[in-house]
Amino acid sequence: MRAARLIKMVLLLQSRPAMTAAELARELEVSERTVTRDAQALSEAGVPVYAERGRTGGYRLVGGYRTGLTGLGRGEAEALFLSGVPGALREMGLEDVASAARLKVSAALLPSLRDAPRAAAQRFHLDAPAWFREPEVPALLAVVADAVWDDRRVSARYRRGDGEVERDLEPYGLVLKAGVWYLCARVREREPETEPKAAAGSGAVGSAGAGDLRTYRIDRFVAVEVLKDRFHRDESFDLPGFWGEQAERFARSILRAEAVVRLSETGVRRLVHTVDPVAARDALAGAGEPDGHGWVTVTLGVESEDVAHTQLAALGAEAEVIAPPSLRARFAADAARLAGLYRA
């Protein structure tokens with residue numbers, strides 16, 4: 001445990017000019033007293049850790065000291081080769097760069113760890129696209145990816161509804177979701193207030209306005225020009241956090257109606273696999289106590305009555321629709337037709 005912490009401390013000091021004891025304590029999840037003891041242990045082991053006292057002081061490595069990759073353990077080496085997604089790298093035009101990087105890392109590993117890439121590949125493969133759909137690589141993905149890596153502004157034209165819209169964007173990050181590529185970008189110029197917000201499938205998601213971060217489907221881009229000027233990236237931007245918030249906000253935005261449903265214990269377990277996970281989670285969080293038969297009543301957010309009818313039909317006899325009356329009537333008619341089919 002301590003050995004791993006000491007290695008992490010050295011790597012942290014390698015990546016920054018200096019760190020205070022408080023900063024190291026937060027990163028290592030220990031006390032500042034433990035940081036002091038660890039720094040002394042490293043110094044005694046020959047690692048040139050230097051401590052500067054005072055208000056602006058901290059810990060630093062002397063003389064540009066660098067540790068080698070030979071400190072990697074087998075688990076760390078295998079995890080390293082799992083960190084890339086080959087298909088995604090290929091689609092972004094980074095396959096050759098990633099391959100060269102893997103070769104360099106492999107060459108630096110101890111002989112006993114040289115089989116780590118093969119061992120990882122034999123045990124894990126990520127197939128990102130959804131079932132029953134041929135994956136399509138957006139034609140402009142590589143161009144957009146170059147701009148993302150280089151922090152360069154782009155002038156982009158994309159399809160929205162029946163027309164096309166042109167925007168100057170600051171491309172912050174790319175997301176691959178179920179085989180579909182999205183760009184998270186900041187709008188450089190203010191959009192007209194009269195324009196309606198767009199849906200996820202039509203181009204952009206989010207509010208319109210200069211400085212706003214929005215989400216664009218890459219396959220909706222018609223043309224992308226990478227501009228010469230770079231933008232100053234907001235270092236506090238959290239891509240996974242932003243994507244999670246956007247995805248949940250969009251999921252809730254399309255739940256414009258409600259259905260009251262009784263669920264058996266089996267129905268409760270299957271609900272999250274039948275309807276939108278956000279809707280299922282919210283419905284079950286507000287569920288009442290089970291009745292004498294173990295059934296619970298929930299209020300479920302749904303996109304529309306037609307969608308609810310299709311989704312809830314998958315639960316069969318494990319769900320009973322209470323309201324709205326029109327949706328209950330549709331299920332009653334379904335049940336009557338099924339009874340007639342099977343009565344024969």
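**Close-up views of a predicted model**

**View 1. The surroundings of F221.** Neighbours within four places in sequence aside, F221 is in contact with L140, A156, R157, Y158, L169, L183 and Y216. Contact means heavy atoms within 4.5 Å. The model is predicted, so local features need pLDDT of at least 70 and side-chain atom pairs count only at pLDDT 80 or more, while totals for chains, interfaces and linings use all residues. Residues are numbered from 1 along each chain as its sequence is written, and side-chain values use heavy atoms, with hydrogens and water left out.

**View 2. The largest nonpolar core.** This core has 23 residues. Those with the most contacts inside it are L169, L174, L183, I218 and F221. Two or more residues each come from α8 (141–150), β3 (152–160), β4 (163–177), β5 (180–187) and β8 (221–230). Helix α8 gives the most, with five residues. Apart from this core lies another, of 19 residues, including A259, A279, L312 and F331. A nonpolar core is a set of buried Ala, Val, Leu, Ile, Met, Phe, Trp, Tyr and Cys residues joined through side-chain atoms within 4.5 Å. Buried means under 20% relative accessible area, exposed over 50%, and partly exposed in between (1.4 Å probe, protein chains only). Helices (H or I, at least four residues) and strands (E, at least two) are DSSP runs, numbered from the N terminus.

View 3. The 13 residues of α3 (residues 32–44) should span 18 Å at 1.5 Å a residue, and the end C-alpha atoms are 19 Å apart, which agrees. The expected span is 1.5 Å times one less than the number of residues. Within α3, T34, V35, D38, A39 and L42 are buried. Seen down the helix axis, the buried residues of α3 fall within an arc of 140°, so they line one face. The arc is taken from the directions from the helix axis to the C-beta atoms. An α-helix has 3.6 residues a turn, so residues three or four places apart point the same way. The cover over the buried residues of α3 includes α1 (2–15), α2 (21–28), β1 (49–52) and β2 (58–61). R33 and E44, on the other side of α3, are exposed. Just after the helix, G46 takes a positive phi of about 100°.

**View 4. Helices α9 and α11.** Helix α9 (residues 239–253) packs with helix α11 (residues 277–285) at an angle of about 75°, and their axes are 9 Å apart. The two helices α9 and α11 are therefore roughly perpendicular to each other, a label for angles of 65 to 115 degrees. The contact is made by E248, A251 and R252 of α9 with V278, R281 and D282 of α11.

View 5. In the loop between α2 and α3, E29 has a phi near 60°, a positive value in a residue other than glycine. E29 counts as exposed because its relative accessibility is 74%. In the loop between α8 and β3, the phi of D151 is near 55°, also positive in a residue other than glycine. D151 counts as partly exposed because its relative accessibility is 22%. P324 is in the loop between β11 (319–323) and α13 (325–343), and the peptide bond from A323 to P324 is cis, with omega near 0°.

Conventions. Axes are lines fitted to C-alpha atoms, for helices over the stretch in contact, and angles run from 0 to 180 degrees between N-to-C directions. Angles under 35 degrees count as roughly parallel, over 145 as roughly antiparallel, 65 to 115 as roughly perpendicular and the rest as oblique.
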